[in-house]
Amino acid sequence: MKNWILFGLTALSVFLLAMLAYTIMDRKTEARFAYQAKVSIDGIEPRDSIWGLNYPRQYQSYMKTQDTTFSSMYNTSGFLDVLDEQPELVILWAGYAFSKDYNQPRGHAYAVTDVQNSLRIGSPMEAGDGVMPSTCWTCKSPDVPRLMSELGVTEYYSQKLSDFGKEVINPIGCADCHNPETMNLTITRPALIEAYEAMGKDINQASHQEMRSLVCAQCHVEYYFDKTKPGKENAQYLTFPWKDGMDVESVEAYFDNIDFADWVHPLSKARMLKAQHPDYELFTLGVHAKRGVSCADCHMPYKTEGGQKFTDHHIGSPLSNVENSCFVCHREKESDLMTDVYDRQRKIKEGTSKLQKLLAMAHVEAAKAWELGATESQMKDILLGIRHSQWRWDYAVASHGAAFHAPLETSRIVTSATGIAQETRIKLARLLADLGHNKPVDMPTFDKKTLQAYIGLDIPAEKAAKETFLEQVVPQWIKDGKAREAKKEVKVISSK
């Protein structure tokens with residue numbers, strides 16, 4: 001009897017080992033033939049669907065950036081009207097397009113669509129119409145490096161956004177980050193290369209791990225449009241202000257030294273700076289960057305299907321994929337890890353919420369001072385205080401991940417901005433008293449619609465114009481763009 005039991009166990013063991021060996025061989029074979037190219041990708045191919053023929057797993061995972069269901073404590077991958085939630089921002093951005101609409105961003109798949117839908121770009125009905133330059137397309141599409149290659153970089157920056165409506169139809173994708181011949185990570189936006197050169201660095205010396213962040217830094221950064229670049233005066237040339245450093249004070253000093261302003265605030269008359277999204281700058285000051293972690297490690301973690309390990313291109317919040325994003329390094333319980341992240345965000349949110357209300361009141365108080373006859377000399381230091389405080393506030397909040405990427409640095413920035421704002425309002429109170437107004441300044445009701453009317457916006461008219469634009473112009477842009485692409489031959493690689 002014992003012999004039969006031993007024989008049975010041996011037979012079962014052999015069977016299981018054979019199955020394991022077969023599975024290993026099958027998966028090795030799958031991995032070996034997983035990326036047999038089906039088409040030849042030549043030059044800058046902006047269509048992800050073409051890349052997807054050769055790299056189906058990456059393409060299929062990228063398409064999941066269309067999913068807008070994820071929501072964390074403060075941020076979401078779906079639409080959230082930030083101006084409705086935080087109406088004081090309408091005052092902070094009065095005179096600037098962000099006062100018209102500002103929603104939390106969706107995934108990369110919506111990059112082009114969300115530009116078209118935004119009130120911020122206006123509703124240009126013809127090529128050459130509108131106030132927004134072509135530079136605004138720069139981070140939204142792989143059609144941009146194609147246009148730069150075809151027209152020249154300066155020539156690309158010298159047009160209007162509406163001039164390229166039928167050219168820019170593909171959202172952020174493969175060609176933005178990959179060399180089609182080698183699939184190596186590559187920099188396709190000259191502004192990053194030029195910023196490195198300005199700092200005395202050579203981006204070609206970057207390691208592969210550094211490149212896993214730098215391809216993101218092409219767009220997730222602070223930037224401005226330089227209209228005075230020597231020899232390129234007709235262009236709105238995309239520039240990163242990194243020459244003297246990437247911390248908030250260095251960039252602030254850079255802008256002050258060249259007397260740059262994104263716009264002049266219509267209430268306070270302050271020359272304002274708008275932080276874009278300095279994600280990379282703040283990320284470099286956090287513990288993860290110091291430990292050698294890249295953006296892709298957390299936002300695009302590795303994934304395995306069958307025998308193939310690949311980078312998950314469902315780019316999004318690590319909190320939506322904690323197991324693959326965080327547990328590679330961390331060993332806490334998921335609930336403890338999430339609580340830790342939310343604690344950081346909550347504490348910084350408390351500071352930024354109070355600060356932006358102080359700033360909104362400062363703008364209204366400054367407008368009252370002008371109304372009462374304040375002179376430019378009297379207002380000089382006050383306007384500089386408003387400029388610097390709001391710049392630092394914006395630097396902290398425009399980078400949506402700042403409270404996690406670099407919580408200590410972000411807290412420091414918010415604290416310094418709050419101090420400047422409070423000192424500025426004290427100066428304003430003293431000036432108002434000298435001008436005969438020794439009492440609090442009346443404030444408008446802080447809700448979105450009231451404040452938009454208060455600063456002179458006609459949002460119903462803006463929305464009506466946008467509806468016409470979306471019905472008549474955008475479909476034609478897409479139709480013309482697809483007709484152009486249909487003429488481009490896709491070379492199928494023979495399977496023989």
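Start at helix H21 (residues 459–472) and select Pro 460, Glu 471 and Gln 472, the exposed residues on the face of H21 turned away from its buried side. Exposed means over 50% relative accessible area, buried means under 20%, and partly exposed lies in between (1.4 Å probe, protein chains only). Helices (H or I, at least four residues) and strands (E, at least two) are DSSP runs, numbered from the N terminus.

The model is predicted, and local features need pLDDT of at least 70, side-chain atom pairs count only at pLDDT 80 or more, while totals for chains, interfaces and linings use all residues. Residues are numbered from 1 along each chain as its sequence is written, and side-chain values use heavy atoms, with hydrogens and water left out.

**Stop 1: the other side of H21**

Next select Ile 459, Lys 466 and Phe 469, the buried residues of H21. They lie on the same side of the helix because they cover an arc of only 80° around its axis; the arc is that of the directions from the helix axis to the C-beta atoms. Contact here means heavy atoms within 4.5 Å.

Now check the length of H21. Its 14 residues should span 20 Å at 1.5 Å a residue, and its end C-alpha atoms are 20 Å apart, which agrees. The expected span is 1.5 Å times one less than the number of residues.

**Stop 2: the whole chain**

Of the 496 residues in the chain, 46% are buried. Among contacts between residues at least 6 apart in sequence, 71% join residues at least 24 apart.

**Stop 3: the nonpolar cores**

Select Leu 89, Trp 93, Phe 255, Met 379 and Trp 391, which touch the most other members of the largest nonpolar core, a set of 54 residues. Helix H4 (82–85), helix H5 (88–92), helix H11 (248–257), helix H16 (334–371), H17 and helix H19 (407–434) each supply at least two residues of this core. Apart from it lies another core, of 40 residues, among them Val 115, Ala 191, Tyr 237 and Phe 240. A nonpolar core is a set of buried Ala, Val, Leu, Ile, Met, Phe, Trp, Tyr and Cys residues joined through side-chain atoms within 4.5 Å. In soluble globular proteins, nonpolar side chains tend to be buried together.

Stay with Phe 255 and show its surroundings. Leaving aside neighbours within four places in sequence, Phe 255 is in contact with Glu 222, Tyr 224, Pro 241, Phe 260, Leu 273, Arg 387 and Trp 391.

**Stop 4: helix H17**

Follow H17 (residues 376–398), which includes Val 397. Val 397 is partly exposed, with a relative accessible area of 26%. His 388 is also placed in H17, and at a relative accessible area of 14% it is buried. Beyond neighbours within four places in sequence, His 388 is in contact with Glu 252, Asp 256 and Ile 420.

**Stop 5: the annotated domain**

Select residues 160–259, which an unreviewed UniProt entry annotates as "domain: Cytochrome c". UniProt positions follow the numbering used here, feature names are shortened, and annotations may be inferred rather than shown by experiment. Over this range the chain is 29% helix and 6% strand, with end C-alpha atoms 25 Å apart.

Go to Val 168, in the loop between helix H8 (153–157) and helix H9 (190–198). Val 168 counts as buried, at 0% relative accessibility. Not counting residues up to four places away in sequence, Val 168 touches Val 112, Trp 137, Ser 141, Asp 143 and Leu 147.

In the loop between H8 and H9, also select Met 183. Met 183 has a positive phi of about 65° although it is not a glycine. Asp 259, in the loop between H11 and strand S4 (263–264), has a positive phi as well, near 55°. Most residues other than glycine have a negative phi. Met 183 is partly exposed at 24%, whereas Asp 259 is exposed at 54%.

**Stop 6: cysteines**

End at Cys 174, which counts as partly exposed at 21% relative accessibility. The closest cysteine sulfur to that of Cys 174 is in Cys 177, 8.8 Å away and too far for a bond. The structure holds zero disulfides, a disulfide being a pair of cysteine sulfur atoms within 2.5 Å.
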